[in-house]
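The structure is shown first.

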Amino acid sequence: MTFTILSCSSDDDPDPVPSTEYKSILELENAVDSLYVELAIATRMNNFFTPAWGADDITSSIFSSKADYREADQRMIDRNNSGLTSIWKSSYKIINHANHIFFNAKKLEVSDMNKKDMLLGEAYFIRGFMYHYLTRVFGKVPLQLDPEPHIEITVSEIVAIYKQIESDWLQAERSLPEIYPGVESGAPRPNNGTARAFLARLYLDWGGFPLKDASKYQEAASSAKKVMDNHDSHGFDLMEDLDDLWTLEHRFNKESVFTIEHCDGCIQGANRKTGKVGNPTELGGWWETFSEIKFFETFPENHRRNATFITDPMIDDPYSNPSGGPTMNWTTFYEQQNPLYAKITGKGDIPRSSFESDRNDYMMRYAEVLLIYAEASARAGNSNQDAWEAFNKIRRRAELLPPDTPNPEVDLSSGDLAELAYTERGWEFAGEFLRWFDLTRMERVDTVLRDAYRNDISSAVSDPNHVDYGQPVVERVPIIGSTGTDNYFALIPQSIIDEYPNLNN
């Protein structure tokens with residue numbers, strides 16, 4: 001099915017939120033729709049996910065125009081990093097829009113109060129979503145709940161931010177329906193199961209660094225279990241084949257717990273995560289997002305590996321030549337040798353030359369709900385049968401087996417379930433910009449990155465004009481910043497400090 005809500009604007013910087021009180025439900029509806037437009041604009045390019053390059057699953061070009069990603073890759077992020085500045089500005093723009101919605105809707109009287117509540121529930125969900133991402137990236141940030149920011153604003157403690165996120169998502173859960181009207185499955189607009197699933201993610205973070213409140217693991221498990229018990233009513237389930245998840249044909253699907261919809265032609269600059277950014281130069285790409293070598297080498301041999309990576313891309317564009325043709329192995333790429341992510345390049349249903357597409361972005365998949373339940377249950381001291389079953393569903397699907405059918409050759413029922421589920425998250429969500437936050441919440445950045453390949457690269461790096469692509473001379477790019485907890489959170493961008501001096505951290 002399709003569920004397009006972005007056709008309301010072709011403007012790159014829409015401002016559809018009136019500064020006066022709403023007089024009709026249509027004004028409220030338009031304002032809430034604008035939040036999704038802003039969210040799509042904010043996330044259309046990978047700049048919004050810049051911190052993810054700090055993890056061991058993805059890397060970027062070492063000698064092109066990818067400085068923002070290289071800084072994260074090498075754990076030396078400057079205050080002027082444009083990716084971080086983009087995250088800050090776009091997130092607070094959306095938060096301020098949500099705050100205006102709450103202010104302008106206070107006195108709105110309508111005949112259909114359920115619809116008003118649902119629309120406000122969406123705004124609560126999105127505000128919580130933005131604050132959760134901000135505090136994952138920056139740690140302490142300003143907790144701005146008024147319609148207009150104040151020059152005197154200061155950062156809030158993380159526990160206060162978490163409590164506000166929890167409040168927003170609890171309100172969203174109370175206000176949203178079991179499934180959004182007109183949505184048959186998945187969630188391009190959140191339902192109350194979406195809010196509860198994100199609460200599970202919040203509580204999992206709450207149990208780890210920096211707050212380390214272990215009591216939250218039980219809340220994470222309970223929240224995830226509530227979603228699992230009601231997954232049919234929310235339209236959530238696992239897709240049977242991982243290959244289907246990143247195709248245009250299945251851009252709306254039952255595994256989506258919350259998806260940011262992109263629509264080429266609806267807004268300027270739809271999803272810019274296509275073959276352009278995921279392919280090497282010799283295939284017309286820009287070498288922006290591809291796999292770390294060690295992560296690829298240690299990835300389990302199964303169907304999920306084949307669905308995740310492209311190791312032998314076609315020389316011809318598979319979109320224009322679907323019948324196949326000559327290929328080249330990743331180890332023979334000229335400028336830099338790294339496996340490709342099929343989740344980034346696509347499955348041949350988008351031309352490599354395309355810079356914009358209709359591909360959606362998963363902000364959470366149902367697979368994560370299952371793995372949160374397994375890991376959080378175990379960390380809470382309750383490795384029960386349901387938790388093992390949730391974990392085994394993911395293992396079965398990774399082998400292209402029916403997720404709901406027990407299989408003694410694949411299933412596990414003993415061992416450290418918390419660690420098994422944590423490790424499984426790394427494989428399942430490879431290249432989806434989640435790994436960095438898993439490493440930080442468990443304080444494993446140093447342990448994991450110490451031996452990670454931060455690019456195996458050719459000698460062409462030392463000479464950008466080098467054109468003799470003979471046998472590459474392998475070099476290692478070192479981590480030059482701290483891998484300790486002192487460097488988990490990004491510094492507030494300099495341009496923001498210049499405007500709000502009280503935020504200098």
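## Packing of α13 and α15

In this predicted model, helix α13 (residues 366-379) packs with helix α15 (residues 417-428) at an angle of about 155°, and their axes are 7 Å apart. Because an angle over 145 degrees counts as roughly antiparallel, α13 and α15 are roughly antiparallel to each other. Their crossing is left-handed.

On the α13 side, the contact is made by A367, E368, L371, I372, A374, E375, A378 and R379. The residues contributed by α15 are L417, A418, E419, A421, Y422, E424, R425 and E428.

## Nonpolar cores

The largest nonpolar core has 130 residues, of which L28, I101, F138, F198, Y366 and V369 touch the most other members. Helix α4 (residues 113-138) supplies the largest share of this core, with 13 residues. A second, separate core has 6 residues, including M239, L242, W246 and A307.

When its neighbours within four places in sequence are left aside, Y366 is in contact with V227, M228, H231, F236, D237, L238, E255 and V257.

## Helix α5

Helix α5 (residues 158-175) has 18 residues, which at 1.5 Å a residue should span 26 Å.

The buried residues of α5 are I158, I161, Y162, Q164, I165, E166, D168, W169, A172, E173 and S175. Among the elements that cover these buried residues are α4, α6 (192-207) and α7 (216-229).

N96 lies in helix α3 (residues 82-104). Its relative accessible area is 16%; since buried means under 20%, N96 is classed as buried. Apart from neighbours within four places in sequence, N96 is in contact with Q144, D146, P147 and P149.

N81 is located in the loop between α2 (67-73) and α3. N81 has a relative accessibility of 0% and therefore counts as buried. Not counting residues up to four places away in sequence, N81 touches T50, D68 and E71. N81 and Y69 are separated by 12 residues in sequence, and the distance between their C-alpha atoms is 9.0 Å.

Conventions
Residues are numbered from 1 along each chain as its sequence is written. This is a predicted model: local features need pLDDT of at least 70, side-chain atom pairs count only at pLDDT 80 or more; totals for chains, interfaces and linings use all residues. Side-chain values use heavy atoms; hydrogens and water are left out. A nonpolar core is a set of buried Ala, Val, Leu, Ile, Met, Phe, Trp, Tyr and Cys residues joined through side-chain atoms within 4.5 Å. Buried means under 20% relative accessible area, exposed over 50%, partly exposed in between (1.4 Å probe, protein chains only). Helices (H or I, at least four residues) and strands (E, at least two) are DSSP runs, numbered from the N terminus. Contact means heavy atoms within 4.5 Å. The expected span of a helix is 1.5 Å times one less than its number of residues. Axes are lines fitted to C-alpha atoms, for helices over the stretch in contact, and angles run from 0 to 180 degrees between N-to-C directions. Angles under 35 degrees count as roughly parallel, over 145 as roughly antiparallel, 65 to 115 as roughly perpendicular and the rest as oblique. A crossing is left-handed if the near helix is turned anticlockwise from the far one by less than a right angle, and right-handed if clockwise.
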